[in-house]
Each structure stands twice: as structure tokens, then as C-alpha cells.
Amino acid sequence: HLARGRVDLAFATGWNPNDFVLASDRYENRRNVLFAGIDTVRKLWRGEEIVRVNGQGRETAVRVYPRPYQRDIATWITCSGGIERFQDAGRLGAHVLTAPLFQTPDELGAKIRAYRQARAEAGHDPATGQVTLMLHAYLGSDLEQVRERVRGPFTRYLESSVDLWRHGSRDLAELSEKE
């Protein structure tokens, strides 16, 4: 209500097994869990009722209050791996949130083409799907000053997150701590 309907939601399957410690049974089936969850969120957002089992084992119909201003929620799928997530996003009619990690510009181009083709095949206008590329950025008027200013914090950020990325990258897994 505060945003008067200016809300989009991004969803991701997750890839790091350690991120599933509170729901370890969902890791192997995370793609299906993701898309079922998006469907549930969309239904609730539109004001539809869903039925779930409550704490006493009884089926209970629930809906969201207060109702959102916008009838439908714009959804985004975070795609950082294979082409399949881009195609899934296209079929769903969702937008794509991605990053240049572990993909070349040519690979990203192929994934975006596959996304647009999947949108078209599913009956969505391929031109209306948005693809947003996340980049780390710091703006300044002097390039050397910017480099000096960000080098330390950005290096610490990369060092702090390398363990997350080791799970999905053979190249990173083979690096020594110093490397």
C-alpha cells in the first residue's frame, strides 16, 4: 500500500545446498518448488483463495489482507546458470534478473534469445519481457581514484563470497585459498 502498487518480486531456485538447511527436503526439487511458489504468490496477490493444512491438520482457505493495489504482480526469475532458467522465465511470462557471472557476453546473448523464443512460444509478447543485468558499480570523476577507493572493499566482498560460489564452479573449487 505504501508503494501504491509499485512492486515487483524476484524469485530464484537457489543453488547452494547450504542455503537449504531450514528446508533440506526442497533442495533436490527446488525448481518445481520455485514455480509452485510463484503460482501461489500470484494467486494470493490477485486476491484468490488458496487451501492449506493448518496446525491442527485441517484444510483451511486463506487469502491476503489488505489487498494490493495492483491486480497482478510483476515477477522476475533470477537466472545465473544454464539456459533452462531463462526458458522457464520466458514460458512463465516473467522478467529476467541476471549477472555477468560465469557467462560470456555471447553466452548471455544466446540465453536472452532463448528467453524471448520461449516467451513467444508460450503466447507472451517476446518484446515486453525485460532482462536486467546486475553489475557492481561505483561512480566517480577520476578513474584511478575510483579504483583505489573500491579495490579494498570489493576484494573483501569477493573473498567473503567465494565459498558460496565454490559449490557451483569447478574452477573456483580448484583454487587454493591464496589464489
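In what order do the 4 strands of the open sheet stand? I looked this up and found the order β1-β4-β5-β6, with parallel pairing. Before going on I noted that this is a predicted model, in which local features need pLDDT of at least 70 and side-chain atom pairs count only at pLDDT 80 or more, while totals for chains, interfaces and linings use all residues. I also noted that residues are numbered from 1 along each chain as its sequence is written, and that side-chain values use heavy atoms, with hydrogens and water left out.

Entry on terms: the helices (H or I, at least four residues) and strands (E, at least two) are DSSP runs numbered from the N terminus, and two strands pair if DSSP finds at least two bridges between them.

Entry on the sheet: β1 and β6 (131-133) are the edge strands, each pairing on one side only. From one strand to the next I read an average twist of 25 degrees, where axes are lines fitted to C-alpha atoms, for helices over the stretch in contact, and angles run from 0 to 180 degrees between N-to-C directions.

Entry on the pairs: β1 (residues 8-11) and β4 (residues 74-78) are joined in the parallel sense over 4 bridges, and here I found Leu9 partnered with Thr75 and Phe11 with Ile77. β4 also pairs with β5 (residues 95-98), in the parallel sense over 3 bridges, and on that side Ile77 stands opposite Val96. Between β4 and β5 the chain passes through helix α2 (residues 83-92), in a right-handed β-α-β crossover (with the strands pointing away from the viewer, the path from the first strand over the helix to the second runs clockwise).

Entry on Asp8: I then turned to Asp8, which is found in strand β1. Is Asp8 buried, exposed or partly exposed? Asp8 counts as partly exposed because its relative accessibility is 45%, given that buried means under 20% relative accessible area, exposed over 50% and partly exposed in between, with a 1.4 Å probe and protein chains only. Leaving aside neighbours within four places in sequence, I found Asp8 in contact (heavy atoms within 4.5 Å) with Ile73, Ala74 and Trp76. Asp8 and Ile73 are 65 residues apart along the chain, yet their C-alpha atoms are separated by 6.0 Å.
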